[in-house]
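Here is a friendly tour of charged side chains, with their pairings and their surroundings. Have a look at the model first, and then we can go through it together.

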Amino acid sequence: MPNIKSAAKRAKTAEQNRIKNMGIMTMVSTLRNDLYTAISAGDAAKSQELFRKYFSTVDKAAKKGVILKTAANRRKARAAARMATL
């Protein structure tokens with residue numbers, strides 16, 4: 001338990017940010033799994049739509065600081081490599 005008032009406020013803010021970031025990361029993971037499932041199934045139209053949505057979500061997460069820009073680029077590169085197999 002924090003002894004200083006500002007430390008208590010900071011802990012509260014950190015918890016709120018953790019919950020917000022967890023929601024964003026859950027959305028990123030869900031979209032990634034949906035995309036990879038569609039690619040495995042060979043559904044080109046659905047894969048293309050999910051591909052755009054996944055790129056947008058990853059870029060927004062990087063912009064908000066939830067993930068690093070290099071991590072976002074790596075995730076997008078891996079998704080693009082899988083899309084190339086279609």
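K53 forms a salt bridge with E49, with 4.0 Å between the closest N and O atoms. This is a predicted model. Both K53 and E49 sit in helix α2, 4 residues apart, or about one turn of the helix. K53 is partly exposed, at 41% relative accessible area, and E49 is partly exposed too, at 44%.

The structure holds 3 salt bridges. Another one joins E15 and R18, whose closest N and O atoms are 2.8 Å apart. These two residues lie in helix α1 (residues 5-41), 3 residues apart, again about one turn of the helix.

K76 also forms a salt bridge, with D59 as its partner and 2.8 Å between the closest N and O atoms. This pair links distant parts of the chain, since K76 belongs to helix α3 (residues 69-84) and D59 to helix α2, 17 residues apart. K76 counts as buried because its relative accessible area of 15% is under the 20% cut-off. D59, in contrast, is partly exposed at 36%.

| Salt bridge | Closest N and O atoms |
|---|---|
| E15 and R18 | 2.8 Å |
| K53 and E49 | 4.0 Å |
| K76 and D59 | 2.8 Å |

Now for the charges on the surface. Which residues gather in a patch of positive charge there? They are K20, K60, K63 and K64. Helix α2 (residues 44-64) gives the largest share of this patch, 3 residues, and K60 has its place in that helix.

Methods
Residues are numbered from 1 along each chain as its sequence is written. This is a predicted model: local features need pLDDT of at least 70, side-chain atom pairs count only at pLDDT 80 or more; totals for chains, interfaces and linings use all residues. Side-chain values use heavy atoms; hydrogens and water are left out. Patches are made of residues with over 30% relative accessible area and no salt bridge: like charges are joined within 9 Å, nonpolar side chains (Val, Leu, Ile, Met, Phe, Trp, Tyr) within 5 Å. Accessible areas come from the Shrake-Rupley method with a 1.4 Å probe; for residues, only the protein chains shown count as cover. A salt bridge is a side-chain nitrogen of Lys or Arg within 4 Å of a carboxyl oxygen of Asp or Glu. Lys and Arg count as positive and Asp and Glu as negative; His and the chain ends are not counted. The place of a charge is taken as NZ of Lys, CZ of Arg, CG of Asp or CD of Glu. Buried means under 20% relative accessible area, exposed over 50%, partly exposed in between (1.4 Å probe, protein chains only).
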